[in-house]
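Subject: Handover of a structure, with notes

Dear colleague,

Please find below the structure that I am handing over to you.

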Amino acid sequence: MRELVRLTSLAPERIALPPQARIVDTAGQSVVILDSHWQSLCRRALDALRAFHLQQPDEPGIDRGRLRRMTAPTVAETVWRALIDELVQKQLVQQSEYWLHVPEHRVTLNERERELAQKLQSALVAGSFDPPWVRDLARAVRADDDEVRAVLRKCMVQREVYQVVRDLFYHRDSIRALARQLRSLYEQRGFVEAADYRDAIGLGRKRTIQVLEFFDRVGYTRRSPRGRVLRADSSWHEANLV
């Protein structure tokens, strides 16, 4: 809208917009967009989200910024936020912590699975930044490796645990703590080197890289020539990491 005022030299109330246009308020500014284009963006966002669920059925959802980069990378981040907010308001999309997902993307656990999930999550909490691998978890709870994997994948959809690499799962509280440490280092220097992060979290280099690549994958960070930087459009910034 500001650009229209500049181009026409008219006051905002004197600018005649076509009936098929809508005004979207974004971060204190008004953006004029054709309703047909807005609806097309909404459909593309929903289609991309559903496709992501089909390709990654064990993932709890997708970061808002990552979905924008997949769907409409040229759309301003403030406009994308407004679009996602509308989809959430219409209950076409749900937001749970960092993740966007369609309402039907959920799982349920039977009684045995709930009991096993509780044992597995307790073991992951105890493991903190260095949790047991699936084979060790299976041995500890006296269950089959495949059953443990299946339950942990359901826990992933419920956002209780996260898979860093194959057969290595972290409890969500540990991931939050790792994210806090990453953010703290980033705020000190504007980037995070793997060696500094390794020293801060007390893990070996290989595991540290695996954790950093996890945060890259979920859209919290990206690699730069100097090290990792936090993505400005990530949903993780609004999540409760305290």
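The notes below begin with the chain as a whole and then turn to helices and aromatic rings.

This is a predicted model, in which local features need pLDDT of at least 70 and side-chain atom pairs count only at pLDDT 80 or more, while totals for chains, interfaces and linings use all residues. Residues are numbered from 1 along each chain as its sequence is written, and side-chain values use heavy atoms, with hydrogens and water left out.

**The chain**

The chain contains 10 helices and 8 strands; helices (H or I, at least four residues) and strands (E, at least two) are DSSP runs, numbered from the N terminus. Of its 242 residues, 45% count as buried, where buried means under 20% relative accessible area, exposed over 50% and partly exposed in between, with a 1.4 Å probe and protein chains only. Among contacts (heavy atoms within 4.5 Å) with a separation of 6 or more, 56% come from residues 24 or more positions apart.

Helix α10 covers residues 205-218, 14 residues in total, and spans 20 Å from its first C-alpha to its last, close to the 20 Å expected at 1.5 Å a residue. The expected span is 1.5 Å times one less than the number of residues. Buried residues of α10 include Val211, Leu212, Phe214 and Phe215. Just after α10, Gly219 has a positive phi of about 95°.

How do the axes of α8 and α10 cross? The axes of helix α8 (residues 172-189) and α10 come within 12 Å and cross at roughly 90°. Axes here are lines fitted to C-alpha atoms, for helices over the stretch in contact, and angles run from 0 to 180 degrees between N-to-C directions. By class, the contact of α8 with α10 has 8 nonpolar, no polar and no charged residues. Ala, Val, Leu, Ile, Met, Phe, Trp, Tyr, Cys and Pro count as nonpolar, Asp, Glu, Lys and Arg as charged, and the others, Gly among them, as polar.

**Aromatic rings**

The structure holds 9 aromatic pairs. Rings of Phe, Tyr and Trp (its six-membered ring) pair if their centres lie within 6.5 Å; planes under 30 degrees apart count as stacked, over 60 as edge-to-face and the rest as tilted. The ring centres of Tyr98 and Trp99 are 5.6 Å apart and their planes stand at 85°, so this pair is edge-to-face. Tyr98 counts as buried at 1% relative accessibility, and Trp99 counts as buried at 2%.

Phe215 and Trp236 form an edge-to-face pair too, because their ring centres are 5.7 Å apart and their planes are at 85°. Phe215 lies in helix α10 and Trp236 in the segment after β8 (228-230), so the pair ties together parts that are 21 residues apart in sequence. Both Phe215 and Trp236 are buried.

Ring pairs link Tyr98, Trp99, Tyr162, Phe214, Phe215, Tyr220 and Trp236 into a cluster. Within strand β5 (residues 161-165) lies Tyr162, which is buried with a relative accessible area of 2%. Beyond its neighbours within four places in sequence, Tyr162 is in contact with residues including Tyr98, Trp99, Ile175 and Phe214.

Yours sincerely
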